[in-house]
Amino acid sequence: MSWRPQYRSSKFRNVYGKAASREHCFDGIPITKNVHDNHFCAVNARFLAIVTESAGGGSFLVIPLEQTGRIEPNYPKVCGHQGNVLDIKWNPFIENIIASCSEDTSVRIWEIPEGGLKRNMTEAVLELYGHSRRVGLVEWHPTTNNILFSAGYDYKVLIWNLDIGEPVKMIDCHTDVILCMSFNTDGSLLATTCKDKKLRVVEPRSGRVLQEASCKNHRVNRVVFLGSTKRLLTTGVSRWNTRQIALWDQEDLSMPLIEEEIDGLSGLLFPFYDADTHMLYLAGKGDGNIRYYEIGSEKPYLSYLMEFRSPAPQKGLGVMPKHGLDVSACEVFRFYKLITLKGLIEPISMIVPRRSETYQEDIYPMTPGTEPALTPDEWLSGVNRDPILMSLKEGYKKTSKIFKAPVREKKSVVVNGIDLLENVPPRTENEVGKGQEGTGHLLGAAWKATPLLVLPNRSAWAPPSPGTWSISL
């Protein structure tokens with residue numbers, strides 16, 4: 001029998017990336033030069049947050065999405081941390097609440113006022129202390145309100161109940177620095193990658209490790225749950241130092257289902273998965289391109305679609321939630337690309353080309369919305385519930401919610417019978433120096449914002465006519 005090529009029909013085979021024009025970008029932003037492997041960017045339907053370079057302490061900008069163009073150098077910042085900010089994440093259910101973590105060992109919760117910042121913000125709604133080393137990652141629970149996960153360089157994951165402002169659980173199964181955390185759809189499982197070259201699937205409430213993989217041929221860096229397919233995808237490095245992706249069954253991590261080499265570059269590969277379209281996006285740190293694939297339920301599981309190319313290298317990427325997309329333009333995904341060399345944030349829209357101008361229901365199924373499915377007490381008691389879905393057809397309706405911070409006194413933080421604050425290591429000389437510089441930085445920012453002199457109206461003055469000039473010797 002003669003060989004015939006295999007053709008796949010897919011509604012996403014012609015998806016293309018479209019970069020925004022310069023006037024719709026965010027320009028003049030001093031993006032952080034920190035080499036920590038995070039995105040340093042967080043986006044929701046109202047605000048864009050970017051970690052910035054600062055002389056002392058840590059700060060980040062919060063800009064309303066409609067305020068595109070050039071950002072003034074003295075634009076107000078969130079600058080309450082004493083160390084560099086390493087990660088920021090928006091609350092998925094309350095759009096003006098953002099969590100940040102820092103080298104100063106703290107996790108802080110900030111409430112952004114309506115319309116954005118008018119002055120520097122230094123007071124957080126909540127300051128959470130429980131880690132004894134710097135905190136590198138924060139993640140909100142996908143279905144429960146006010147449950148926050150933080151991973152520190154003390155090899156621990158703390159689960160915070162923000163209703164009481166305390167850590168309620170601790171996951172203490174890692175032997176090295178945690179590199180990445182990812183939840184499944186209902187938040188009942190947590191997948192982590194670690195510097196000890198192991199991939200773990202953990203039950204977060206008990207801290208019990210359900211599955212563990214020692215990746216000898218595939219050194220894992222990042223992991224993402226593939227929706228409700230009961231599969232995981234990891235990016236990492238092969239034994240020949242080539243970039244590689246691997247697909248895993250979450251119930252059996254003994255061997256990956258497939259491994260595929262991408263290229264020989266050295267930058268970290270960030271995976272992004274869209275559960276509505278079953279598309280996987282791969283973006284390398286320092287690369288200018290974004291590859292995208294379609295995930296199938298049968299072999300070969302992974303089908304390459306296309307690649308968005310750009311000459312400007314990306315430091316990190318923020319992702320817009322589904323309810324913030326432009327459905328009239330058939331936009332299925334939107335990145336916010338950090339270009340450090342230009343101080344630029346560039347939106348990149350992934351678009352399905354369609355001729356019809358009506359709502360395309362086949363590419364916009366019901367998607368997780370902005371209403372929590374559980375309260376913290378329900379989730380902590382063992383209840384699991386799928387996210388509450390919403391349709392994008394009617395457009396996103398903003399709901400005004402208020403975050404109430406608990407009033408509490410300073411005291412010891414005891415989790416699993418251990419006082420986490422009992423033996424906090426002293427700050428290094430470098431951290432002490434940065435803290436002192438941060439004070440001067442805040443004073444300098446306030447001084448710059450104070451008007452010192454009001455000049456008269458120069459337009460009223462005019463030079464004398466040429467006939468009136470005289471020179472006396």
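**Strand S14 and its two partners**

Modeller: Across from Leu-158 in strand S14 stands Ser-150. The model is predicted. Ser-150 and Leu-158 belong to the pairing of S13 (residues 147–152) with S14, an antiparallel arrangement joined by 5 bridges. The hairpin made by S13 and S14 has 4 residues between the strands, and Tyr-155 takes a positive phi near 70° there.

On leaving S14, the chain makes another hairpin, with S15, again with 4 residues between the strands. In this turn Gly-165 has the positive phi, about 70°. S15 covers residues 166–171 and is antiparallel to S14, with 5 bridges between them. One of the bridge pairs is Ile-159 with Lys-169 of S15.

How many of the 5 residues of S14 are buried? The count is 5 of the 5, so the strand, residues 157–161, is largely enclosed by the rest of the structure. Burial holds for both of its sides: Val-157, Ile-159 and Asn-161 point one way, Leu-158 and Trp-160 point the other, and all are buried.

The structure contains 11 aromatic pairs. In one of them, Tyr-281 and Phe-333 are stacked, because their ring centres lie 4.5 Å apart with 15° between the planes, and stacking requires an angle under 30 degrees. Tyr-281 is in strand S25 and Phe-333 in strand S29 (residues 331–339), so this pair ties together parts 52 residues apart in sequence. Tyr-281 is buried at 0% relative accessible area, and Phe-333 is also buried, at 6%. Another stacked pair is Tyr-359 with Tyr-364, at 5.8 Å between centres and 20° between planes.

Two arginines sit over rings. The charged end of Arg-134 is 4.2 Å from the ring centre of Tyr-153. For Arg-239, which lies over the face of Trp-240, the distance to the ring centre is 5.7 Å.

One further residue is Asp-287, in the loop between strands S25 (279–284) and S26 (290–295). Asp-287 is buried, at 7% relative accessibility. Among the residues it touches are Arg-243, Leu-265 and Pro-313.

How values were computed:
Residues numbered from 1 in each chain as written. Predicted model: local features only at pLDDT ≥ 70, side-chain atom pairs only at ≥ 80, totals over all residues. Heavy atoms only, no water. Helix = DSSP H or I, 4+ residues; strand = E, 2+ residues; numbered from the N terminus. Buried < 20%, exposed > 50% of the residue type's maximum accessible area, 1.4 Å probe, protein only. Contact = heavy atoms within 4.5 Å. Phe/Tyr/Trp six-rings, centres within 6.5 Å; stacked < 30°, edge-to-face > 60°. Lys NZ or Arg CZ within 6 Å of the ring centre and 35° of its normal. Pairing = 2+ DSSP bridges. Lists of a residue's contacts leave out its neighbours within four places in sequence.
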